[in-house]
Amino acid sequence: MSRASIDRLSVSPGGALRGTVRIPGDKSLSHRAVMLGAIAKGSSRITNFLPGEDCLGTIRCFRALGVPIEGEGSEWVVHGQGLRGLEEPSGILDVGNSGTTMRLMLGLLAGTPGFSVVTGDASIVRRPMLRVVTPLRLMGASIDGRDQGALAPLAVRGRPLTAISYRSPVASAQIKSAVLLAGLLAEGTTSVTEPALSRDHTELMLQAMGARLRRDGLTVSVEGGHELTGADVEVPGDISSAAFWLVAASIAPGSDLLLENVGMNPTRTGILEVLARMGADITPLNAREIAGERVADLRVRAAELSGTRIEGEVIPRLVDEIPILALAAACARGTTHIRDAQELRVKESDRLKAIATELTKLGAMVQELPDGLLIEGATRWHGASCQSRGDHRIAMMLGLSALVTPQPVEIEGVRCTETSYPGFWDTFAGLRA
């Protein structure tokens, strides 16, 4: 691997991966630890926080809302201001590239007195916000923006909210979490019902901080008006980051990796179920529980993979892992069908288009479908010049594809990996040494 410039990499071909990787903290949990700590009473100490650009953006926003937050790197202390203690910001709240920050924070701003304007980078202002704005308006929120409030920048005038029972049209942890956070500030009990269970980190952390929350099947409810209590949060490693090494070691002959401290929340482990079906050699070790979240170490060794079907209820449990699963599918024997994944079109990039276009440049046979991908395995790989499209998960997938190409893979736009995995390229180089 050689660096031609800060934002462009030439990744050398072939090789095996060997060694141990300490998986960085979970991005979803890091966001939520700051947000819930900010509205709790008392202080919350966060360890193994992910110091990626998205999560640091959440810290900047809540400091702008009057919350003292101290620390650096992976350790922070959030001095909570109570359920109604956020202050009106004096400037615009800039979430950068983080859709999680914008959508969850809207839930809190909707019920907090004062006026706020929220925006982000060129990618975030193209991503759909009406899916969150609509239920918040049903609760009485005053939110406006471009295209009738569908696109940022968004202006929020905080006002009293009323509880609702909301049936979400898609299984989305961001929609569910935004409504539940608004529900904390609303009068009455707010409920959200999903078509399938999305990741439940918000619910687990709310319970750990004392929220009155209950689950009945696909419906989760929270009582408004009850204060949270600050807590120490040790963030497990992000299984979405571990997924890159799970696939990389599986497809690179001779590889043998130990991944330490991987979060094993059942709403996130779809990647392990799919890779097991494909024939991957993955062994969980040292299973344990940290702050209510399941954690384990994972040993992964190279294996011959087979095609499979990825669709239905498993999609919400691995939606962020589909880019790297597409690489696994292109290396497998047989055909892989990915369906029900239209949500990927509104991520940091249109990921279905990005996967199909960029893997095809490298020799893969990928057909883009309206809601998924059709991938023929046994690819005849070759090197190529590719584009990350500013999407961190596309950039990392393309980098790891060099493990199976006979020529280098050139990638334009690799700086975006700092969003979720600081140090990814150095870790990759170290495992190939």
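**Exercise 1.** Why is strand β12 (residues 189-193) largely enclosed by the rest of the structure?

*Solution.* The model is predicted, so local features need pLDDT of at least 70 and side-chain atom pairs count only at pLDDT 80 or more, while totals for chains, interfaces and linings use all residues. Residues are numbered from 1 along each chain as its sequence is written, and side-chain values use heavy atoms, with hydrogens and water left out.

Step 1. Strands are DSSP runs of E with at least two residues, helices are runs of H or I with at least four, and both are numbered from the N terminus. Buried means under 20% relative accessible area (1.4 Å probe, protein chains only), exposed over 50%, and partly exposed in between.

Step 2. Of the 5 residues of β12, 4 are buried, so the strand is largely enclosed.

Step 3. β12 runs parallel to strand β11 (residues 165-167), and 3 bridges join them; two strands pair if DSSP finds at least two bridges between them. R167 stands opposite T193 in β12.

**Exercise 2.** Describe the lining of the largest pocket by residue class.

*Solution.* Step 1. A pocket is an open set of points on a 1 Å grid over the protein atoms alone, where a 1.4 Å probe fits, with protein on both sides within 12 Å along at least five of seven lines; lining residues have an atom within 4 Å of a point.

Step 1. The largest pocket holds about 700 Å³ of space. Its lining comprises 39 residues, of which A171, S172, V319, E343 and K347 are the closest to its centre.

Step 2. Ala, Val, Leu, Ile, Met, Phe, Trp, Tyr, Cys and Pro count as nonpolar, Asp, Glu, Lys and Arg as charged, and the others, Gly among them, as polar. The lining therefore divides into 10 nonpolar, 13 polar and 16 charged residues.

Technical notes: Grid points are joined across faces, edges and corners, and a volume is the space filled by probe spheres set on the points.
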